[in-house]
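Biologist: Could you walk me through this one from the beginning?
Modeller: Gladly, let us bring it up and start with the overall layout.

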Amino acid sequence: MSLEQVFAQLPAPGSHTFPDYSLPRGDPVSPIAVTRDELSQLLELYETFRAVDPTGWDSNSVLGAATTYMQRTFGLPQYRPDEQLHDDIAAMLNDFSDGLGDRSIGVVDATPDHHRTLYFFLVSCRGYHAAPHIRFDPDEAAVEALYDVYQRVIEQDFYVKHPSSAFG
């Protein structure tokens with residue numbers, strides 16, 4: 001499947017909403033199957049994605065200096081949403097890797113945060129790929145693997161893990 005076909009299947013960010021996963025007295029999780037090969041592809045895609053500088057701050061020294069000056073002068077925090085997404089993706093991949101262990105295939109617990117991270121990872125990949133000023137040509141098989149994992153999460157029902165009792 002081509003990148004355009006995968007990206008066309010994603011819900012539009014303007015109209016997409018996440019379900020309310022609040023379950024009483026426990027942690028909502030969705031058990032999904034993941035293979036070691038898929039996890040390796042997701043890691044390679046993440047490394048390619050992380051190398052992209054969508055803002056130009058890292059590659060443009062004048063923009064970087066101006067941003068640093070503004071932050072110091074006006075006390076603005078240095079917050080980049082792309083860095084937060086990088087942290088979220090790394091945490092999700094670590095969770096999936098820990099859940100898989102040494103096995104080549106297994107079931108891992110995807111949380112609502114993982115659901116959101118997978119969606120934003122896919123939407124950001126689509127945006128980076130479509131942006132004319134950004135060079136982002138990810139491996140099609142890796143993007144397809146990411147979409148497959150995302151589909152498993154949205155198709156699977158959530159259940160309560162580590163439920164607490166009504167008396168506790």
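**Layout and charges**

Modeller: Starting at the N terminus, the elements follow the order α-β-α-α-α-β-α-α-β, where helices (H or I, at least four residues) and strands (E, at least two) are DSSP runs numbered from the N terminus. This is a predicted model, in which local features need pLDDT of at least 70 and side-chain atom pairs count only at pLDDT 80 or more, while totals for chains, interfaces and linings use all residues. Residues are numbered from 1 along each chain as its sequence is written, and side-chain values use heavy atoms, with hydrogens and water left out.

Biologist: How many salt bridges does the structure hold?
Modeller: There are two, a salt bridge being a side-chain nitrogen of Lys or Arg within 4 Å of a carboxyl oxygen of Asp or Glu. In one of them, Glu38 pairs with Arg152, with the closest N and O atoms 2.4 Å apart. That pair links distant parts of the chain, as Glu38 lies in helix H2 (residues 36–50) and Arg152 in helix H6, 114 residues apart.

Biologist: And is Glu38 buried or exposed?
Modeller: Glu38 counts as buried because its relative accessibility is 11%, and buried means under 20% relative accessible area, exposed over 50%, and partly exposed in between (1.4 Å probe, protein chains only). Arg152, at 25%, is partly exposed.

Biologist: What about Arg116, which partner does it have?
Modeller: Arg116 forms a salt bridge with Asp113, their closest N and O atoms being 2.3 Å apart. The two are three residues apart in helix H5 (residues 112–130), so about one helical turn separates them.
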